[in-house]
Amino acid sequence: MKKRIHTHSVFGDTRLESRFDTLLSISSRRLNSSIGKAQPNWASTKATYRFWDNKSVHPEALIAYQFSKIEAGWGAEKMLLQVCDWTELDYTGSRSAATLGPLSYKRQRGFHLYNSMIVSHLGCPLGLLKQSYHTRTDANFGTSKSQCNQRILADKETAHWVEHFQRGQDLVTAREDLQMVFVADREADFMELFAQRTVERMHFIIRSQHDRKLSDGASNLVPRVNTWPVQGIYEAQVMHSKTRKMRKARLEVRFGALEVQLSKPLPQKKGLPAMRLFVVDVRETGNQDEAIHWRLLTTLPVESFAQAAIVIQYYIWRWLIERFHFLLKSGGAAVEKLQLATPQRLKNAITTFSLAAMDAFKLRYLAQNNPDENIYSLGISEVEHKVLYTYAHKKLGLTTGFDPDNPPSIKEYCITLGRIAGFFPSKKQTIPGLLILTRARERLDTLVDAYLTFQ
C-alpha cells in the first residue's frame, strides 16, 4: 500500500512542514549548540540531516514557509522597511570547501549570503523576506571591472540586489494598503536597480557612491549638492565603525531634488531613462576620528527638514542587518563552523539557523524599542516565565518572583534572562547583548526541560 502524500505545502508535503517546525523550535532555543548536541537523540539528528537533504527543501521554500506564518503578525503596519545587505561566509578547510567558490583569493572558499530583513518604521525587526546565495566560479575569479561592465545584469553579482528589490515590490503589489522602503548601502547604487521601480508605493533609500551626471548637462551630482545650504541639525544614535557600540552624532542636513542620467551608457544600458530623485546629504560635525558623510538617494518626497529626518532615521535602521550578520557568524549561531558535506545541506542549514536566530534578534530589539510590551503577547509561555523567575529568585537572589497575574515587560524579562548567563545591567548597557541572550536562552531551555521532566 502506497503512503499518502500531503501536497498542500511549499515543500510539496505537509509532513516536511511539521518536521521544519520542530527543527526551528529546537534551533531557536539552542542556537549556541552543535547540531548533534541541540537534538534530543540520534534519531532526531538523522532526521535533521535527511530534511536538509530532501530535494523539495531549499532556502527559498524555507523562507517562504516561515514568512507566511509571521506576515499575519504585522497587524496594521502600513509602512515597512526592507533592509538589504550581504555578508561573506568562509568555509576554507571545511568538508564542503571543494564544492564552493573563491572569496578574496582562490584558496579561500565559501560564498556570499544576501539577506532582506523586514523592519518596522520604528526600528523593530519582524522577519526575513528573502535570502539568496552567490557562489563565484574559478573561471570568472579576477575578472577586471571593465570586463564585468560588459556583462548583462543577470550575469553579475549585483543582480541579487535587483532580485531582492523585486521581492519587496511583489509584496507591495500583493498588499494594496502597504508601502515599502528598500534600504541599502553603496553597492546598490546602480541605475538598473533604480529603473526596477514600477510601483509607486515601493520606495528606496540608497547611499550614493557615484558622482552622477545631471540631466541638464551643466553639472554633476556632488558639486551641485555641495552648493546647498544646511537646513538643520539632526542628532542620532549611530554605530561606531570600530567598537560597534552606539554613539551620539550631530549631523548637518542638506536636501533637494535632482534628475540624474548615465552620461556614456554601455550598449546594455542605453534604454535606461533619466530619473528624478531626492538627495539627503548628511555630514557629522565635531568628530574628527570617523566623521559621517552620507549622501542618500531616495524616491521618498523630501521637501522639508522633517521629511529629511525620516529618511535619515530609516537609513540608520540599516545597521540592524549588520547586527543580524554578526549574530549569524560570531554572536551565537556560528554558521561558519558548520561541517556539512554538500552545498545543499549547508545552505539549508544556514537558512534554518538564520530563521532561528531571528527569535533572539527580535527579542533583543523589542526590549530596546518596545520595552513595555507584555511577554505573553509576544509568545513567551507561562512555563518559561515561571521557570526563569523562580530560578532567578531562588538561585540568584533577585527580589522579583513568579507572578502569572502580573507578567513582566519584555525589557524586564530580557534583563532577568541575561542574568542567568552572567549579565549585569549598567548605565552603559541596560539590556544584554545578542551573544549573552543566545546563551541565556539555551540555559533556560535546559532548565525548562528539567522542570517538565521532573514535575
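Reply: Let's begin with helix H10, residues 319–329, which is mostly covered: eight of its eleven residues are buried. Buried here means under 20% relative accessible area, while exposed means over 50% and partly exposed lies in between (1.4 Å probe, protein chains only). Helices (H or I, at least four residues) and strands (E, at least two) are DSSP runs, numbered from the N terminus. Please keep in mind that this is a predicted model, in which local features need pLDDT of at least 70 and side-chain atom pairs count only at pLDDT 80 or more, whereas totals for chains, interfaces and linings use all residues. Residues are numbered from 1 along each chain as its sequence is written, and side-chain values use heavy atoms, with hydrogens and water left out.

Which residues of H10 are buried? They are Trp319, Leu320, Ile321, Arg323, Phe324, His325, Leu327 and Leu328.

Now step back to the whole chain. The protein chain holds 14 helices and eleven strands. Its radius of gyration is 24 Å, close to the 23 Å of the globule rule for 455 residues, so the chain is as compact as a globular protein of that length. That radius is taken over C-alpha atoms, and the rule is 2.2 Å times the number of residues to the power 0.38. The C-alpha trace spans about 80 × 55 × 45 Å along its principal axes, and 50% of the 455 residues count as buried.

What about the inside? In soluble globular proteins, nonpolar side chains tend to be buried together. A nonpolar core is a set of buried Ala, Val, Leu, Ile, Met, Phe, Trp, Tyr and Cys residues joined through side-chain atoms within 4.5 Å. The largest one in this chain has 74 residues, and Val280 and Ile350 touch the most other members. Helix H11 (residues 343–369) gives this core its largest share, ten residues. A second, separate core has 38 residues, including Phe67, Leu126, Leu193 and Leu258.

Contact means heavy atoms within 4.5 Å. Apart from neighbours within four places in sequence, the contacts of Val280 include Val253, Phe255, Trp294 and Leu296. Across the chain, 64% of the contacts with a separation of 6 or more join residues 24 or more positions apart.

Gly232 sits in strand E8 (residues 232–239) and counts as buried, at 18% relative accessibility. Not counting residues up to four places away in sequence, Gly232 touches Leu251, Glu252, Val253 and Phe305.

Phe423 lies in the loop between helix H13 (410–419) and helix H14 (434–454). Phe423 is buried, with a relative accessible area of 6%, and its contacts beyond four places in sequence include Ile415, Gly418 and Pro432.

Pro408 is in the loop between helix H12 (382–395) and H13. With a relative accessible area of 7%, Pro408 is buried too. Glu373, His385 and Tyr413 are among its contacts, leaving aside neighbours within four places in sequence.
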